[in-house]
Amino acid sequence: MTSISPPPSRIYLLRHAEARQATPGQKDFDRPLSDNGYAAAEIVAEEAVDKGYKPSLVISSTALRCRQTAEAMRRAVTPSTEFRFVDALYNGSREIYLSLISAQTDQDSVMLVAHNPIIELTLAALIGQEALADALPRGFPTAGLAVIDPTPSGWVLTDFVTE
């Protein structure tokens, strides 16, 4: 497990919603959400807000499918929530994801909107591989939102929101 000391006092990890398959000649980076993906992103964003999950800062990959997933969250959270779009999340490593989180010492809570398998590896680094396997035996689904809180002994998965 990785040691990130609060703040942030809550971490949200949101995997982008389902994307369309690339069309011939289309870059992976430019793949949009599918119709199901749009719907799932909206459902998860609304459910998160209904549960009181409102990040202070949302950091999203600049890939189209992540930006579109983040926009669903933008429509659901308060106007004071800050949004940043970071190129490094597209092909970033677990270390980059964790570094972005740990650098947000002026934020109460931070959300990453990003890609698998790195989002799942980031969750495993925070809560441990065994806890991850117990909570998500089939892996981190698209439009899945992990809610992670600190405890005296480390980070713990508090909730997992899906459509």
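**Salt bridges and nonpolar cores**

Glu42 counts as partly exposed, at 26% relative accessibility. In this talk, buried means under 20% relative accessible area, exposed means over 50%, and partly exposed lies in between, with a 1.4 Å probe and protein chains only.

The model is predicted, so local features need pLDDT of at least 70 and side-chain atom pairs count only at pLDDT 80 or more, while totals for chains, interfaces and linings use all residues. Residues are numbered from 1 along each chain as its sequence is written, and side-chain values use heavy atoms, with hydrogens and water left out.

Let me stay with Glu42. Its side chain meets that of Arg75 in a salt bridge, at 2.2 Å from N to O. The term stands for a side-chain nitrogen of Lys or Arg within 4 Å of a carboxyl oxygen of Asp or Glu. Arg75 belongs to helix H2 (residues 64-76) and Glu42 to helix H1 (residues 35-50), so the pair ties together parts that are 33 residues apart in sequence. Helices (H or I, at least four residues) and strands (E, at least two) are DSSP runs, numbered from the N terminus. Arg75 is exposed, with a relative accessible area of 52%.

How many salt bridges are there by this rule? The count comes to 10. Among them is the pair of Lys51 and Glu47, at 3.9 Å from N to O. Lys51 is partly exposed at 40% relative accessibility, and Glu47 is partly exposed at 29%. Glu95 and Arg94 form another, with their closest N and O atoms 3.2 Å apart.

I turn now to a residue in a loop. Thr62 is placed between strand S2 (57-61) and H2, and counts as buried at 11% relative accessibility. Leaving aside neighbours within four places in sequence, Thr62 is in contact (heavy atoms within 4.5 Å) with Phe29, Arg67, Phe85, Val86 and Asp87.

Finally, the nonpolar cores: sets of buried Ala, Val, Leu, Ile, Met, Phe, Trp, Tyr and Cys residues joined through side-chain atoms within 4.5 Å. The largest has 27 residues, and those with the most contacts inside it include Ile11, Leu123 and Phe140. Which element gives the most to this core? That is H4, with seven residues. Apart from this core lies another, of 25 residues, among them Tyr53, Cys66, Ala72 and Val113.
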